[in-house]
Amino acid sequence: MTSSAEPTYTLVVVSNRLPVDYDEAADGAVTWRTSPGGLVTALEPLMRSSHGAWVGWPGVADRDFEPFENDGISLVPVRLNETDIEDYYEGFSNDTLWPLYHDVIAPPSFHRETWDAYVRVNRRFAAAAAAVAAPGATVWVHDYQLQLVPRMLREARPDLVIGFFNHIPFPPYGIYAQLPWRKQILHGLLGADVIGFQRVADAGNFTQAVRRLFGYPTRGVVIDVPTGDGPIGQTGDSRRVIAKHFPISIDAASYEELARRPDIQARARQIREDLGNPKTLMLGVDRLDYTKGIGHRLKAFGELLADGRLSVEDVTLVQVASPSRERVSTYMALRDEIELAVGRLNGDFSTISHTAISYHHHSYPREEMVAMYLAADVMLVTALRDGMNLVAKEYVAVRFDVDGVLVLSEFAGAADELKQAILINPHDIDGTKDAIVRAVEMPKRERTRRMRSLRRKVAENDVAAWSASFLRALTGGAAVPAGIPDD
Ligand code: GDG
């Protein structure tokens, strides 16, 4: 594939992880399984129709893999060794950028060694993409781990059309300014032609940082970036860079399809039965991450039980906390904190026949997640800061019965679209408690009215529409790779 002299891919997607998981059987047989994610689903048809390739880390350390094809997608593996994973991924990406970009909910660490690793690894990804992109190809770079790649790519391959999408928030200037490498990151991102964000506010924060740090002129979503090497603010030749919101979504139809399967509906009934058929089943589904506000949710629920406004006889909370970033110390501390809280609440309020919180530190197959969404009367999304939050949209997509209540943090990007949810400020524990009680007691008519409007929103903007609108902005409609539907 890449052994041919001429790079041939006209669409190249670059992300930290390839959308596959590696599996080696006892007899040494190697298999790759496509890891189901919205991004793969959205881009798969496009990748096939427009001769696309995906560049990323295959999830195994210290191993070289030749480019290969899986499920019709060409995959180009980038090698990461253990030190890269520690410094670039767990260190700079997840212990510096992640907390900084999520409003410093946890304190970010600033280490020069991990920054050096970030630069080094970004260069490797850029080189891999540059090596496989055809002349004039479109390259779409994803997320905070790879913010330097757009500039590196532009320098190596000025012929390319380069897009970048940030899946997490972009913080207000007062927070972003803490980053010792704030100028290098902005410079890296400004190598792209289009920089996509989840929310209007994220794009605004980015544009403001560009103005404050570089003084480049901006008009709405357009930033004029000087092309010369002259001093900042110098007028002369410039490139037009677009910084705009493109709220990501899910493959709504595939979630509804699963929800309509009789076996999954039977499983949903079974879940309720196994929990003792509570009057109200509440659900939380999150990666075990401090941005998700799991602690705030537990506090509100615990106080409601203590106040007697809710009773374990009537209400059970199922909390799925999927294991995440388990080698980063903040995540280890969070796990202890959450599990202590769950243990205390269950100790204080559960009875022999009724458990207050059914807590699961597991990952489940998607079918099981859909059954849980179907079973849940109330979905709790209490993120303290979240780029979008796909769980909120998945819950809505699954509820073809037009029932169920979504309690949604206004600090999740999804709140910009899902205005018929019960919106909460999770820092306001009393407000959150009132919202939970309101959700539990909401009359059927109001539930239906709200869910109908939420479902319309999610159906209107699914992940295919999202990727199409990003790529249209990137290619200006002229050089749209084959396979992108029109509006
Ligand atoms: C980042 C941004 C943005 C969770 N547990 C299981 C499981 N999941 C799936 C959910 C959902 C996905 O993982 C989580 O997506 P979120 O959007 O909720 O959050 P992040 O992982 O933080 O994602 C976020 C997103 O990127 C996309 O741009 O929305 O703001 O932080 O799809 O269903 N899936 C399965 N088993 C589990 O146990 N199968």
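Colleague: Which residues touch the most other members of the largest nonpolar core?
Modeller: Please keep in mind that this is a predicted model. The largest nonpolar core holds 102 residues. Those that touch the most other members are Phe125, Ile185, Leu190 and Phe206.

Colleague: Which helix gives the most to this core?
Modeller: The core in question is the one of 102 residues. With 11 residues, the helix that gives the most to it spans residues 112-132 and is H3.

Colleague: With which residues is leucine 190 in contact, leaving aside its neighbours within four places in sequence?
Modeller: Leucine 190 is one of the residues that touch the most other members of the largest core. Once the sequence neighbours are left aside, its contacts are Arg151, Ile195, Phe206, Val210, Phe214, Tyr216, Ile223, Val225, Arg239 and Val241.

Colleague: Why are the buried residues of helix H6 on the same side of it?
Modeller: Helix H6 covers residues 182-189, and its buried residues are Ile185, Leu186, Gly188 and Leu189. They lie on the same side of H6 because the arc they cover around the axis is only 160°.

Colleague: Is glutamine 184 buried, partly exposed or exposed?
Modeller: Glutamine 184 also lies in helix H6. Not counting residues up to four places away in sequence, glutamine 184 touches Trp115 and Leu148. Buried would require under 20% relative accessible area and exposed over 50%. Glutamine 184 has a relative accessibility of 37%, so it counts as partly exposed.

Colleague: Is histidine 167 buried or exposed?
Modeller: Histidine 167 is found in the loop between strand S8 and helix H5. Apart from neighbours within four places in sequence, histidine 167 is in contact with Leu39, His142, Asp143, Gln198, Ile248 and Gly387. The cut-off for this class is under 20% relative accessible area. Histidine 167 is at 18%, and therefore counts as buried.

Colleague: Which element gives the most to the lining of the largest cavity?
Modeller: The lining includes Val405, Gln420, Arg447 and Met451. By class, the lining residues are seven nonpolar, two polar and two charged. Strand S17 and helix H15 are the elements that give two or more residues. With four residues, the element that gives the most is H15.

Colleague: Which elements give two or more residues to the lining of the second largest cavity?
Modeller: Among the residues that line this cavity are Val40, Glu44, Ile73 and Leu75. The lining has five nonpolar, two polar and two charged residues. The elements that give two or more are helix H1 (38-49) and strand S6 (73-77).

Colleague: What is the relative accessible area of leucine 75?
Modeller: Leucine 75 is found in strand S6, and it is one of the residues that line the second largest cavity. Leucine 75 is buried because its relative accessible area is 1%.

Terms used:
Residues are numbered from 1 along each chain as its sequence is written. This is a predicted model: local features need pLDDT of at least 70, side-chain atom pairs count only at pLDDT 80 or more; totals for chains, interfaces and linings use all residues. Side-chain values use heavy atoms; hydrogens and water are left out. Buried means under 20% relative accessible area, exposed over 50%, partly exposed in between (1.4 Å probe, protein chains only). The arc is that of the directions from the helix axis to the C-beta atoms. A nonpolar core is a set of buried Ala, Val, Leu, Ile, Met, Phe, Trp, Tyr and Cys residues joined through side-chain atoms within 4.5 Å. Contact means heavy atoms within 4.5 Å. On a 1 Å grid over the protein atoms alone, a cavity is a set of points where a 1.4 Å probe fits but cannot get out, and a pocket is an open set with protein on both sides within 12 Å along at least five of seven lines; lining residues have an atom within 4 Å of a point. Ala, Val, Leu, Ile, Met, Phe, Trp, Tyr, Cys and Pro count as nonpolar, Asp, Glu, Lys and Arg as charged, and the others, Gly among them, as polar.
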